[in-house]
Amino acid sequence: MNKRSSWALPYLIFMILFVVLPLLLIAVYAFSDGNGHFTFSNLLAFFTEPKIMNSFLVSLEVALENTLICILIGYPVAFILADKNLNKSAVTVVLFILPMWINALMRTMATAEIFNALGIQLGKGTLLFGLAYDYLPFMIYPIYNVLNKMDKSYIEAAQDLGAKPSTVFLKVTLPLSMPGIVSGAMMVFMPTVSTFAISEILTNNTIQLFGSIIQEQFYNMMWNQGAALSLVMLIIIGITMFFSNNEESANEGGLL
C-alpha cells in the first residue's frame, strides 16, 4: 500500500464494476436471444424494422437542428462572456450556470406547463425549444473556455495589420475557437439523439427519438433488442468521438 499505484486500485475496481462489466453485459445481451443462443437478429432489427430506423433518422434530424440552434445562440453568448470589454462582471457567467442547478426533468416539465398555459400545441417546435433550453449551457461553456484562454496576441496582430473586425473574427477568432465548437456540438448532438424524457414530455410522445425506442424495449422486457440498440448507440458515439478528436487535433496542429 506504500506504492503510489496502489491508490489507483479503488478507481480500477470502480471502473470494472460500473463501466467495463455493464458494457460487456450489453454486448452479451445484444448478440444473444431469449434462450441465450448467439444471434445477429437483434442488431439486424435496427436496419430492418421501419419504426426503429425512422426513429433514428428523426433523432438525427432533431439533433442536428438542435445543435445548429445552440451554436447560433451559444456562440454570441460565449463571445460576450469571454470579452472583457463587453462583460466586466463574473456574475454574468454564474447566471448561465443557475438553470443547471435545477433537475433537467423538472425544467422540462415546467416548460411543458408554460406551453400548456399559453395554449401552444406541443410538437416539434416545442421539442426544439426544450432541447435548446436544456442543452444550451453545454454549448456555451466549451466555446467560452476556448475563447477565454485564447492568446489575444493573434487578434492584436491582425488588427495591427489593418484587418477589419469582420475579417479578424472570420480569419482568427472563429478558427481558433473551433475546438470549443466541436466539443460543444458533441455534448449537444449525442445526448439529443439518445434522450427520451424531453421528447415524451414536450410532444406528448408524438415524436419518438431513438432514446425513446431503447427505453421502450427495456420497458417491455425486450432486453436483448434493447441492448442491441444501445450497442448501436455506443458505436455511433465512439465513431463520432474518434472523428471529433481528429478534428480537434487538426485544428490545434494548424496553430503551431
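Some ground rules. The model is predicted, so local features need pLDDT of at least 70 and side-chain atom pairs count only at pLDDT 80 or more, while totals for chains, interfaces and linings use all residues. Residues are numbered from 1 along each chain as its sequence is written, and side-chain values use heavy atoms, with hydrogens and water left out.

Confidence next. pLDDT is the predictor's confidence in each residue, from 0 to 100. The protein chain has a mean of 88, with 94% of its residues at 70 or more. Helices here are DSSP runs of H or I with at least four residues, numbered from the N terminus.

Now the cores. By nonpolar core I mean a set of buried Ala, Val, Leu, Ile, Met, Phe, Trp, Tyr and Cys residues joined through side-chain atoms within 4.5 Å. Buried is under 20% relative accessible area, exposed is over 50%, and partly exposed is in between, using a 1.4 Å probe and protein chains only.

The largest core has 36 residues, and I143, Y144 and L147 touch the most other members. Helices that each supply at least two of its residues include α3 (50-82), α5 (104-118) and α6 (124-149). The largest share, 12 residues, comes from α6. Take L147: leaving aside neighbours within four places in sequence, L147 has contacts, meaning heavy atoms within 4.5 Å, with Y75, A78, F79, A82, K152, T173 and S177. A second, separate core holds 19 residues, among them A45, A63, M186 and M233.

Last, salt bridges: a side-chain nitrogen of Lys or Arg within 4 Å of a carboxyl oxygen of Asp or Glu. How many does a search of the whole structure find? There are 4.

K124 pairs with E61 at 2.6 Å, N to O. Because K124 lies in helix α6 and E61 in helix α3, this pair ties together parts 63 residues apart in sequence. K124 also bridges to E65, with the closest N and O atoms 3.2 Å apart. That pair again links α6 and α3, over 59 residues. Relative accessibility is 30% for K124, 39% for E61 and 26% for E65, and each counts as partly exposed.

Are D134 and R107 buried or exposed? Both are buried. Their side chains meet in a salt bridge at 3.0 Å, N to O, linking helix α6 to helix α5, 27 residues apart.
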